[in-house]
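Please keep the sequence and the model in view while going through the points.

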Amino acid sequence: MENIEFNENDVNFQDGQYLTFNLENQQYGIEIRDVTEIVGIQQITDLPDLPDYVKGVINLRGSVIPVVDVRLRFGMSERSYDERTCIMVVDINKTSVGLVVDTVSEVINISNDNIEPTPKLNAKAARNRYVKGLGKSGDDVKIIVDTQKLLFDAELDTIINSIASDA
Amino acid sequence: MLKNLSVKQKIYAGFAAVLVLLIIMSVIGYNVIGSASDGFNTYRGWAKNANTSGRVQANLLESRLAAKNFFINGEQKDVLAFTECIDKTSQFLDEAEQNVDIPERESIIKKVSSDLDDYKANFEKVKSLMEERGKLVAELDTKGPQIERSLSEIMRTANRDRDLEAAYRASSGLRDILLARLYVIKYLEKNQKSDYDRVKTEFSNFDDELTILNNEIQNSTRRQLLSEVTSLSREYKSTFENVYTTIMTRNEIIENKLDKIGPEISSLVEEVKLSYKNDQDKLGPELQASNDRGIMLIIVFSLIALAMGVAASVLISRPIVQPVNELVSVAQAVADGDLNQSLILDQNDEIGTLAETINGMVTSLKKADDARIENDRKVKVVLDEVSATAEKLNAGNISARADHSKAEGELQNVLTGFNQAISAVVEPLKVTGNYISRISKGDVPEKITTDYKGDFNVIKMDINQAIETIGDLISEIKVLTDAAERGELSVRGKSSKFEGDWRNVVDGINNLLELIIAPIEEAQGCLDKMSAGDLTKQMEGHYKGDFAKMKDALNNSLSSLNDLLGEVTIAVEQVSSGAIQVADSSQSISQGATEAASSLEETTASITEISAQSRKNAENSGNANTLAVSSLKSAETGNERMNSMVSAMNDINDSSNEISKIIKVIDEIAFQTNLLALNAAVEAARAGAHGKGFAVVAEEVRNLAQRSAKAAQETTDLIEGSMEKVKNGTKIADQTAKALNEIITEITKVSSLVEEIATASNEQVSAIDQTSSALGQIDQVTQSQSASAEEGAATAEELSAQSVQLKQILSKFRLSRQINGKIGSMLKEAGITKVAETHEDRKTAAKGKNNKKKLVEEPQINLDDDDFGEF
């Protein structure tokens with residue numbers, strides 16, 4: 001409870017709230033406004049001729065949504081799914097996409113003051129393009145992921161659109 | 001007709017016919033080949049002429065071609081080629097003229113020759129015209145440009161002086177003159193009349209221009225130039241006219257002469273060639289036909305000659321070969337002995353004569369053979385009769401005689417003589433046979449009284465002598481047999497009464513008697529001595545045959561008796577010494593048996609002790625076996641318990657697994673709860689300020705979920721620990737079970753060993769029992785042995801006494817010296833003397849030692865050599 005600080009005056013309560021999740025041993029966060037819900041891992045139907053990071057589609061209460069393995073999207077090594085593996089269903093611009101992550105942790109508050117921009121390291125770190133900033137929370141640093149960029153890359157766009165239209 | 005010809009004549013006639021045909025064929029062949037050869041020569045000449053005409057034609061064409069080339073190009077080399085070809089044509093034409101054969105062709109060739117000359121002359125004309133034209137054209141080529149240059153000068157200067165009218169006219173003139181020259185060149189090229197007319201027109205134009213110029217030009221220089229132009233143009237025009245004339249003339253010559261004469265020559269030559277060809281075409285088939293006719297003639301004549309040759313050979317050979325073959329078969333038959341052959345030939349030649357001669361020869365041979373056969377038959381009758389008679393005689397029928405009536409003529413005498421010779425031999429033989437027959441039957445007849453002659457009388461006297469001698473011998477032998485019947489073996493025959501072998505017979509009988517008597521007498525002596533107990537005398541005379549056998553038998557029985565009695569003596573000695581030894585042995589056995597009895601008692605005591613110990617052993621091992629079995633049971637029980645413990649542990653393990661499954665479910669529930677809490681948190685956040693309370697609840701739920709997850713994790717760890725421990729326990733229990741199993745195996749082994757020991761001990765006990773009973777039996781045997789030994793000693797004493805008695809009986813016989821020696825040595829070998837010496841000491845010692853033994857008093861036997869001498 002102490003992680004969540006409520007501001008009575010703040011009309012836009014959703015700003016500054018992040019859902020955190022783990023990949024490998026690193027914690028990441030996405031803005032809560034993008035999140036629809038969190039479900040456990042379930043049967044993924046593979047589709048042919050997709051990039052490797054798009055694992056296929058799942059049937060979520062009657063609606064078919066594409067599933068992206070965030071590890072593969074970030075260029076990390078693949079990890080076999082277990083019972084702790086979760087799918088975060090995000091919704092942006094009316095499009096639902098499942099993001100497969102190792103585990104989901106919690107919902108925390110990070111004020112904009114505590115978010116720092118990404119250090120300008122050499123440009124080769126390609127995954128920086130998905131990173132919005134680095135959020136400080138206590139002693140930890142959470143990598144804030146730009147869901148928009150993660151999902152609406154030009155390539156992914158078409159795939160998602162195609163699946164969505166098929167569905 | 002042929003039959004009347006001799007063989008020689010036939011052969012000559014045949015060959016003559018064949019030779020005539022050969023000559024005819026040669027003549028025909030010569031003629032055919034000769035006519036073919038002539039035809040071929042003619043044909044060849046025509047072919048050559050046709051060929052020459054062809055060459056004329058070819059060269060002419062070539063020269064015409066050269067002429068054409070010259071007309072077109074005007075070059076000198078074409079002239080040279082023309083000259084060469086035309087020369088050649090003339091040459092071949094001359095050749096053809098020489099070879100020509102008929103006047104028709106000669107006239108044509110002459111025409112050709114004149115035409116050719118004409119052609120040559122015309123060509124020369126054209127050639128000179130061509131040369132002239134060349135010169136004129138060269139003139140035109142110099143004047144033309146001069147006119148042009150002058151006109152150009154006029155035009156230039158007029159233009160310079162601004163005399164435009166003059167300049168214009170000059171340039172117009174220039175154009176006209178250039179056009180005129182162009183058409184001149186065209187005319188030279190093509191020789192067309194139109195070009196010539198155009199040149200004329202251009203020149204009239206030019207002249208007009210010149211007239212105007214002449215009026216226009218004021219300048220002196222230009223005027224001078226104009227007059228030059230005018231004169232030059234006049235010259236040019238006249239030259240062109242000349243050229244025109246020349247060319248016209250030339251063309252006319254070419255057109256009307258050369259182009260007419262050339263083909264004419266060609267066609268004439270062709271005509272000549274064709275006439276040759278026609279002749280050839282006619283001659284060729286004619287020759288072919290005549291050749292075929294010749295060949296046909298030759299073939300026909302060859303066939304006729306062949307047929308005639310075959311016919312002649314058959315006609316000549318048949319009358320020779322056939323009779324000769326017949327003659328050969330006749331001669332062959334005669335050689336084989338058939339003389340009934342004859343050969344009739346209706347021929348007057350040498351063969352006919354030969355056949356008649358052979359017939360004569362066969363007739364003579366037949367006559368001689370008939371005579372020989374008759375003679376052979378007569379002789380055979382006689383020989384058969386003789387042979388039959390001889391066969392009968394050989395068979396023993398001495399009364400058989402030959403039948404002389406069967407023979408003819410002188411041969412009857414031969415058979416009569418033969419019969420007489422047989423009779424002379426047979427009569428005395430019959431008498432002699434009769435006598436010998438009677439003698440052999442034992443009927444000695446009276447002497448023969450009939451008189452015989454010669455050798456037959458000698459035979460009669462010999463027979464009489466034999467009858468006498470046999471009578472004497474029979475009476476002498478009767479005397480001897482009568483004496484023998486009476487037992488008087490001393491009576492002897494009188495041998496002096498007989499001679500030769502008859503004397504030997506009587507002497508033999510006497511000797512026989514002597515030989516029988518001598519051995520019988522000697523045997524009688526020996527047997528007399530034997531009955532007195534003297535066995536030393538033997539038969540010593542030298543006898544033969546059955547007497548020798550009798551002597552050997554007597555002597556053998558004597559020596560057998562000697563040996564027997566000697567051996568009996570030795571046996572008696574051995575028996576007496578053996579009896580003494582038996583007595584001794586029996587005594588020592590008796591003593592040994594007593595000692596054995598005492599030893600046996602000691603042994604029996606020891607064995608009884610061993611038996612007791614063995615029994616105890618068996619008892620102990622039985623106890624040990626019982627103990628081993630009970631410990632085996634204990635070990636098995638332990639093993640069973642261990643197994644149930646292991647199964648209990650497995651049950652614990654299974655339960656633990658169940659628990660861990662349940663905990664997994666709890667963990668799963670905690671995870672789901674956590675997810676729900678997070679979703680709730682998300683919803684709360686999205687609800688903004690209104691979701692605050694909800695967020696708090698969600699957080700609480702999340703904490704609870706995390707706590708239950710943690711508790712589940714801890715429980716899992718604990719269960720895993722206990723499972724590990726159970727695993728260890730199971731491992732240890734397994735090892736213990738294994739150890740217990742080993743113990744069981746060992747105990748089983750120990751138990752079986754102990755059982756074996758017990759069995760062995762029991763067996764030992766029974767074996768020892770058997771041993772002690774055996775010892776009891778041995779004791780009994782020993783006792784009975786002792787008694788038997790004593791009985792044996794008594795029997796031995798008795799035996800000794802009986803042997804002394806036997807010795808006394810034996811001493812009555814006097815044995816040969818040789819046997820006595822043998823007995824002595826044998827006794828010495830056996831050591832009987834020594835035994836006899838020590839006998840007394842031993843006897844007394846035995847008496848002292850054992851009072852139970854009874855000893856029979858034994859007479860002493862002295863067997864020294866000296867004692868033997870007393871017998």
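Helices are DSSP runs of at least four residues and strands are runs of at least two, both numbered from the N terminus. With that numbering, B:Asn191 falls in the loop between helix H4 (164-190) and helix H5 (193-216) of chain B. The model is predicted, and the points below are grouped by topic.

**Loop residues with positive phi**

- B:Asn191 is not a glycine, yet its phi is positive, near 60°.
- B:Asn191 has a relative accessible area of 24% and is therefore partly exposed, since that class lies between the 20% limit for buried and the 50% limit for exposed.
- In chain A, A:Glu24 also has a positive phi, of about 55°, although this residue is not a glycine.
- A:Glu24 is placed in the loop between E1 and strand E2 (26-31) of chain A.
- The relative accessibility of A:Glu24 is 47%, so this residue counts as partly exposed.

**Fold of chain A**

- Chain A contains three helices and eleven strands.
- The order of these elements along the sequence is β-β-β-β-β-α-β-β-β-β-β-β-α-α.
- Chain A has 167 residues, and 47% of them count as buried.
- Among the contacts in chain A with a separation of 6 or more, 54% come from residues 24 or more positions apart.
- Within chain A, the charged end of A:Arg73 sits over the ring of A:Tyr53, at 4.5 Å from the ring centre.

**Interface of chain A and chain B**

- The contact involves 23 residues from chain A and 20 residues from chain B.
- The size of an interface is often expressed as the accessible area that is lost when the parts come together.
- Here the area buried between chain A and chain B is about 1900 Å², and carbon and sulfur atoms give 60% of this area.
- Two salt bridges are found across the interface of chain A and chain B.
- A salt bridge joins B:Arg702 to A:Glu106, with the closest N and O atoms 3.3 Å apart.
- Four residue pairs are in polar contact between chain A and chain B, both residues being at pLDDT 80 or more.
- On the side of chain A that touches chain B, strand E1 (17-23), strand E3 (35-40) and strand E8 (103-109) each supply at least two residues.
- E3(A) gives the most to that side of chain A, with six residues.

**Aromatic pairs in chain B**

- A pair of aromatic rings is described by the distance of the centres and the angle of the planes.
- The whole structure holds 14 aromatic pairs over all chains.
- In the pair of B:Phe70 and B:Phe123, the ring centres are 5.8 Å apart and the planes stand at 55°, so the pair is tilted.
- B:Phe70 belongs to helix H1 (residues 7-73) of chain B and B:Phe123 to helix H3 of chain B, so this pair ties together parts that are 53 residues apart in sequence.
- Both B:Phe70 and B:Phe123 are buried.
- B:Phe71 and B:Phe123 form a tilted aromatic pair as well, at 6.2 Å centre to centre and with 40° between the planes.
- B:Phe71 lies in helix H1 of chain B and B:Phe123 in helix H3 of chain B, so their pair links parts that are 52 residues apart in sequence.
- B:Phe71 is buried, as is B:Phe123.
- Ring pairs connect B:Phe70, B:Phe71, B:Phe82, B:Tyr119 and B:Phe123 into a cluster.

- B:Arg105 is part of helix H3 (residues 103-160) of chain B.
- The relative accessible area of B:Arg105 is 3%, so this residue is buried, the limit being under 20%.
- B:Arg105 lies over the face of B:Tyr276, at 4.2 Å from the ring centre.
- Leaving aside neighbours within four places in sequence, B:Arg105 is in contact with B:Val100, B:Val272, B:Ser275, B:Tyr276 and B:Asp279.
- B:Thr239 is located in helix H6 (residues 220-335) of chain B.
- B:Thr239 counts as buried because its relative accessibility is 3%.
- The side chains of B:Thr239 and B:Glu139 are joined by a polar contact of 3.5 Å.
- Apart from neighbours within four places in sequence, B:Thr239 is in contact with B:Leu136, B:Glu139, B:Leu140 and B:Lys143.

Terms used: Residues numbered from 1 in each chain as written. Chains lettered and ligands numbered in written order. Predicted model: local features only at pLDDT ≥ 70, side-chain atom pairs only at ≥ 80, totals over all residues. Heavy atoms only, no water. Buried < 20%, exposed > 50% of the residue type's maximum accessible area, 1.4 Å probe, protein only. Contact = heavy atoms within 4.5 Å. Phe/Tyr/Trp six-rings, centres within 6.5 Å; stacked < 30°, edge-to-face > 60°. Lys NZ or Arg CZ within 6 Å of the ring centre and 35° of its normal. Buried area = accessible area lost by both parts, 1.4 Å probe. Salt bridge = Lys/Arg side-chain N within 4 Å of Asp/Glu carboxyl O. Polar contact = N/O pair within 3.5 Å; in protein donor to acceptor, adjacent residues only side chain to side chain.
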